[in-house]
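Reader: I have just opened my first protein model and would like to learn how to read it. Could you walk me through a few features?

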Amino acid sequence: MANSPHSPLPYTGGTPEPLDLSRSTTTSYTGMPSHTEDTNRFSQSSQSLSRKGFRHSTHLIPAPALPAGKRFRTFEPWYMHITVVIFVPLVMLCLGAALETATMISGRNQGFPVPQKNVFGTISTQFLLSFFPTVLIIPFAFVWRELDWTLRWYQPYVVLWNGNAKAEESLLLDYVELGPFLGMFRALRYKHRLIFWSSLTAMATYIFQPLTGSVFQLRYNPQSWGSNVTSIRQIGLSPDVLDLNAFAASAGFAEAAAFNNLDDPPFVHGGWATAEFIFPTDAFLNGSMTVNTTGIQTKVNCANPASTTVQPLDGDGFNVSYTSTDGCIPDSTVINASIASQQYGVVDAGCPDAASLNITFRPVMFWYFHIRDDNNQGEAKGVFCKPSIAATQVTASAGLSDGKLLNNVTFSGNYVTENNVTGGELGGKAFNGVLFDNSTDPFIQARSIAIKGGIPGAVFRLASQKGLQATFDLPNGLLDLTSTVYTQHLSLAAKTNFFLSQNSTLPAEMTAFLPRLVIDPFPAHTLAIALFLIGLIGIFLHIFARRQRRKLLLSAPPGSIASIVALTSRSGFGELLLPYDDEHTLEKKLDGLRFRLDRRTGAIVAEDEEPFEYGMEGDDAKLSLLGNQRQRPASIPHTPSSSQLAYQTATGYPPWVGPVKSYNP
């Protein structure tokens with residue numbers, strides 16, 4: 001209802017003040033200020049409303065209808081409930097502590113075991129290690145930003161509740177639009193400390209994703225564990241050793257190795273031949289297995305001769321004689337250079353102490369001859385070898401992914417079990433592997449001839465590959481090559497000749513590079529500190545923030561247009577504003593006003609901060625309409641007018657009592 005000059009004065013929310021009828025006022029019929037008042041301040045034209053012409057009518061807002069004993073329940077989102085705002089930072093604090101503990105355990109144990117095969121099939125392991133941790137941490141970051149957004153949303157109303165708020169700190173302040181980054185600087189300017197810390201922690205949550213995606217790594221570290229393997233061989237003399245099949249095969253392999261630079265075959269390493277065992281079928285990265293098993297060690301004990309004599313014969317012949325350091329003198333070798341300029345062979349070493357032994361167990365001498373490149377003179381080299389064998393306990397290490405090749409064999413003890421290799425008829429004597437008795441079996445005899453020429457031929461082939469003349473010039477050139485090829489030949493032959501089939505279980509130690517889930521210390525420590533600090537700050541932050549807003553009279557979310565209209569529809573200062581006012585104009589028009597929330601209704605009320613001198617212009621009605629809290633000077637008497645008393649009787653005083661009902665029979 002429009003106010004007329006004779007209308008009762010509305011209640012302003014404070015103690016009613018009587019009209020001072022001695023004052024003169026100039027008021028239009030519609031209640032708007034006349035042209036005698038200041039109409040230029042905060043006006044864009046001469047038609048704008050005077051700032052002193054607005055009035056609020058919050059006194060007309062009825063009290064909410066509440067049951068007896070019930071208090072007004074202010075609006076609060078569910079995620080701002082005390083249990084949520086304490087639970088979320090508390091969980092973040094616990095996550096930080098748990099991550100720090102897990103990092104310490106990971107460093108001590110070199111990570112955590114994981115399945116060797118990716119259970120997710122073709123999905124990248126790198127993707128999984130970054131995706132799942134991110135999925136775990138992102139909800140907390142999202143909720144925390146939502147809590148920060150709500151605190152910034154509430155802040156203008158908290159400022160209004162405290163009263164005496166400038167427009168720039170309340171009505172014109174929009175922390176939500178500013179965002180957390182710019183909001184921090186605005187909060188520092190207005191000393192809104194809770195908003196500053198809330199925005200700072202919300203900004204810190206943006207580092208959660210890159211840190212979380214870098215925390216877990218899959219590394220392959222060496223790991224050892226105990227296991228058992230099945231050995232399928234035991235030391236024993238093969239019954240068909242004199243068929244020479246094993247010697248022929250080993251000689252052939254030695255030749256192939258010399259031509260093709262091959263490594264030792266399975267279960268042969270250097271001078272060792274070990275009992276075969278069954279390897280595990282699981283595939284391991286750089287896996288190896290260490291087994292305590294039995295082995296035969298072969299030593300060829302080769303040495304250069306003490307003297308070598310090359311005597312030219314008529315024509316292209318040469319007579320070569322050798323003498324070993326042990327006094328062994330083999331038969332002289334007659335060489336016809338016209339047949340071949342490069343020749344080689346192996347003969348009985350002619351050692352006196354071995355004259356009683358069978359030819360297969362005697363020391364041997366390898367001889368090599370060629371025509372020198374510089375003077376076309378004949379040159380001969382000899383190598384004396386006296387093989388020996390020993391049955392031992394060994395620790396053998398074999399690769400799990402390289403074809404069962406032994407990569408290391410070490411002596412661990414003597415083999416004391418009775419056997420027919422180191423005992424019995426053989427009595428520990430070693431086959432020389434290149435000289436055998438003549439056989440009436442043409443196949444065995446053919447093998448004997450092939451072996452006899454194959455081993456020195458393999459040595460000569462290696463020397464040719466390295467440079468024949470250079471090898472002859474070296475003091476130990478042919479000695480070293482002969483020792484290598486001859487050792488490989490006898491060791492491989494021992495693997496077949498000195499082991500029989502028999503199964504047994506042996507203890508083994510497996511070592512392999514297995515995948516380990518490792519926590520990277522740097523991102524883990526950084527993320528743990530961030531979670532811990534945000535959680536710790538958040539607990540106190542939201543406790544204080546809840547205390548600030550617990551008395552706010554907000555019955556609906558304050559962000560909607562309807563709620564804003566409800567809070568300001570009776571405030572009056574909206575008459576100063578126009579729909580097309582920009583931000584600068586709004587700030588200029590609202591400058592000089594102070595704003596607050598009405599403690600009874602929660603409506604936004606404006607008050608003029610300019611000094612007011614009683615008796616100059618305006619009247620008590622204007623003072624009431626402005627809703628200010630100025631105290632009347634004691635020199636001005638407080639005398640209620642009849643119109644004001646009548647208004648109070650008609651509307652009810654205080655407002656929540658309601659008007660006086662008249663009797664209507």
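Author: Gladly! Keep in mind that this is a predicted model. Let's begin with burial: a residue counts as buried under 20% relative accessible area. Phe267 has a relative accessible area of 4%, so Phe267 is buried.

Reader: Where is Phe267 in the chain?

Author: Look in the loop between helix H6 (245–260) and strand S3 (268–269). Sequence and space can also be read side by side: Phe267 and Gly295 are 28 residues apart in sequence, and their C-alpha atoms lie 9.4 Å apart.

Reader: Is Phe120 buried, partly exposed or exposed?

Author: Between the buried limit of 20% and the exposed limit of 50%, a residue is called partly exposed. Phe120 has a relative accessible area of 42%, so Phe120 is partly exposed. Phe120 sits in the loop between strand S1 (112–113) and helix H2 (125–162).

Reader: Which residues make the nonpolar surface patch?

Author: Phe120 is one of them, along with Val119, Ile123, Phe127, Phe131, Phe132 and Val135. The patch covers about 660 Å².

Reader: Now the helices, please. How are H2 and H10 oriented to each other?

Author: Angles under 35 degrees count as roughly parallel. H2 and H10 pack at about 30°, with their axes 12 Å apart, and are therefore roughly parallel to each other. Their crossing is left-handed.

Reader: And what about H5 and H10?

Author: The axes of helix H5 (residues 208–215) and helix H10 (residues 521–549) come within 8 Å and cross at roughly 135°. H5 and H10 are therefore oblique to each other, and this crossing is left-handed.

Notes. Residues are numbered from 1 along each chain as its sequence is written. This is a predicted model: local features need pLDDT of at least 70, side-chain atom pairs count only at pLDDT 80 or more; totals for chains, interfaces and linings use all residues. Side-chain values use heavy atoms; hydrogens and water are left out. Patches are made of residues with over 30% relative accessible area and no salt bridge: like charges are joined within 9 Å, nonpolar side chains (Val, Leu, Ile, Met, Phe, Trp, Tyr) within 5 Å. Accessible areas come from the Shrake-Rupley method with a 1.4 Å probe; for residues, only the protein chains shown count as cover. A salt bridge is a side-chain nitrogen of Lys or Arg within 4 Å of a carboxyl oxygen of Asp or Glu. Helices (H or I, at least four residues) and strands (E, at least two) are DSSP runs, numbered from the N terminus. Buried means under 20% relative accessible area, exposed over 50%, partly exposed in between (1.4 Å probe, protein chains only). Axes are lines fitted to C-alpha atoms, for helices over the stretch in contact, and angles run from 0 to 180 degrees between N-to-C directions. Angles under 35 degrees count as roughly parallel, over 145 as roughly antiparallel, 65 to 115 as roughly perpendicular and the rest as oblique. A crossing is left-handed if the near helix is turned anticlockwise from the far one by less than a right angle, and right-handed if clockwise.
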